[in-house]
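Colleague: I am new to this model and would like a short tour. Could we go through the charged pairs, the aromatic rings and some of the helices?

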Amino acid sequence: MKILQLSPQFVFPADDGGKIGIANIYKYFHEQGAEVVYFCLSENGIDQDALKAASEYGKIIIYKHNLKNNLKLAISSIFSLRPAYLKKHYSDEILKFLVDLYEKEKFDVIHCDHTAMAPLGLKLKEIFGAKVGLRLHNIEYRIWDQYAKKLSWYNPKKYFIAFQSKLLKKAEAMIYPQVDVCFAITDDEQKLAQILAPSAYIVTSGVGVDFEKWKRHSFSKRESN
């Protein structure tokens, strides 16, 4: 099987939880015998040792793209009614690059890490009839909603973030049913995602733990709390 994995960032070295989850998915695709092309966005230089290590599991493509938040992005989001989070991970130039890549490589499956990469995956699905899976590392709108609630009522940012949360909630409710399958990390998040998008096909799939590094001991016992 030939898999195109779309990631919002280069995750090597995998030195935080978000990176570890994506990195291990990429590794396990390889270990299951798949041929993987890992495409990611980056605005920074890449550590060459990390790039070399990652290349052992598949082909790495790093697309230079500005992911910084700025006033232009915020204003564009307000007038287009599209979440800034999705807008900054998408461009016609990126799509053209991926269309050319797809025509050359003829992928069997597209795997999108995070909702941010789903619009690109769905465009490829529309053009080529590709099968698309979406890994819900988060239900994104809830993060924005929680952030907005923590801000003081007199902070103007509170109202912009709350507005973004509403836009993102609406976008996620539309995106989930359009992909062929969504992978939630926990049963609780699967249920929340299903409430958001009742017609979507959503399953629970583990977080991507490296079982060579982390092994369960026979004497281990979990506290009930």
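Colleague: To start, how many salt bridges does the count come to?

Modeller: The count comes to 9 salt bridges, where a salt bridge is a side-chain nitrogen of Lys or Arg within 4 Å of a carboxyl oxygen of Asp or Glu. Please note that this is a predicted model, in which local features need pLDDT of at least 70 and side-chain atom pairs count only at pLDDT 80 or more, while totals for chains, interfaces and linings use all residues. Residues are numbered from 1 along each chain as its sequence is written, and side-chain values use heavy atoms, with hydrogens and water left out.

Colleague: Which residue forms a salt bridge with Lys2?

Modeller: Lys2 pairs with Glu105, and their closest N and O atoms are 2.8 Å apart. Lys2 belongs to strand S1 and Glu105 to helix H5, so the bridge ties together parts that are 103 residues apart in sequence. Helices (H or I, at least four residues) and strands (E, at least two) are DSSP runs, numbered from the N terminus.

Colleague: Is Lys2 buried or exposed?

Modeller: Lys2 is buried, with a relative accessible area of 16%, and Glu105 is buried too, at 11%. Buried means under 20% relative accessible area, exposed over 50%, and partly exposed in between (1.4 Å probe, protein chains only).

Colleague: Which residues are linked with Glu105 in a network of salt bridges?

Modeller: The network links Lys2, Glu35, Lys59 and Glu105. Within it, Lys59 forms a salt bridge with Glu105, the closest N and O atoms being 3.4 Å apart. Lys59 lies in strand S3 and Glu105 in helix H5, so this pair ties together parts that are 46 residues apart in sequence. Lys59 counts as partly exposed, at 38% relative accessibility.

Colleague: With which side chain does Asp113 make a polar contact, then?

Modeller: The partner is the side chain of His137, at 2.7 Å. A polar contact is a pair of N or O atoms within 3.5 Å; within protein, one must be able to donate a hydrogen and the other to accept it, and residues adjacent in sequence count only if both atoms are side-chain atoms.

Colleague: Let us change topic. How many aromatic pairs does the structure hold?

Modeller: The structure holds 10 aromatic pairs. Rings of Phe, Tyr and Trp (its six-membered ring) pair if their centres lie within 6.5 Å; planes under 30 degrees apart count as stacked, over 60 as edge-to-face and the rest as tilted. The rings of Phe39 and Phe97 have centres 5.9 Å apart and planes at 35°, so this pair is tilted. Phe39 sits in strand S2 and Phe97 in helix H5, 58 residues apart. Phe39 is buried, with a relative accessible area of 0%, whereas Phe97 is partly exposed at 33%.

Colleague: How are the rings of Tyr102 and Phe128 arranged, stacked or edge-to-face?

Modeller: Tyr102 and Phe128 are stacked, at 4.3 Å centre to centre with 15° between the planes. Their pair links helix H5 to helix H6, 26 residues apart. Tyr102 is buried at 7% relative accessible area, and Phe128 is partly exposed at 28%.

Colleague: Which residues of H6 are buried?

Modeller: In H6, Ala118, Pro119, Leu120, Gly121, Leu122 and Leu124 are buried. The elements covering them include S1, H5 and S4. Ala118 has a relative accessible area of 0%. Leaving out residues up to four places away in sequence, Ala118 touches Cys112, Leu134 and Ile175, contact meaning heavy atoms within 4.5 Å.

Colleague: Finally, how many residues has helix H1?

Modeller: Helix H1 has 15 residues and reaches 21 Å from its first C-alpha to its last, close to the 21 Å expected at 1.5 Å a residue. The expected span is 1.5 Å times one less than the number of residues. Asp16 caps the N-terminal end of H1, with a side-chain oxygen 3.1 Å from the backbone nitrogen of Gly18.
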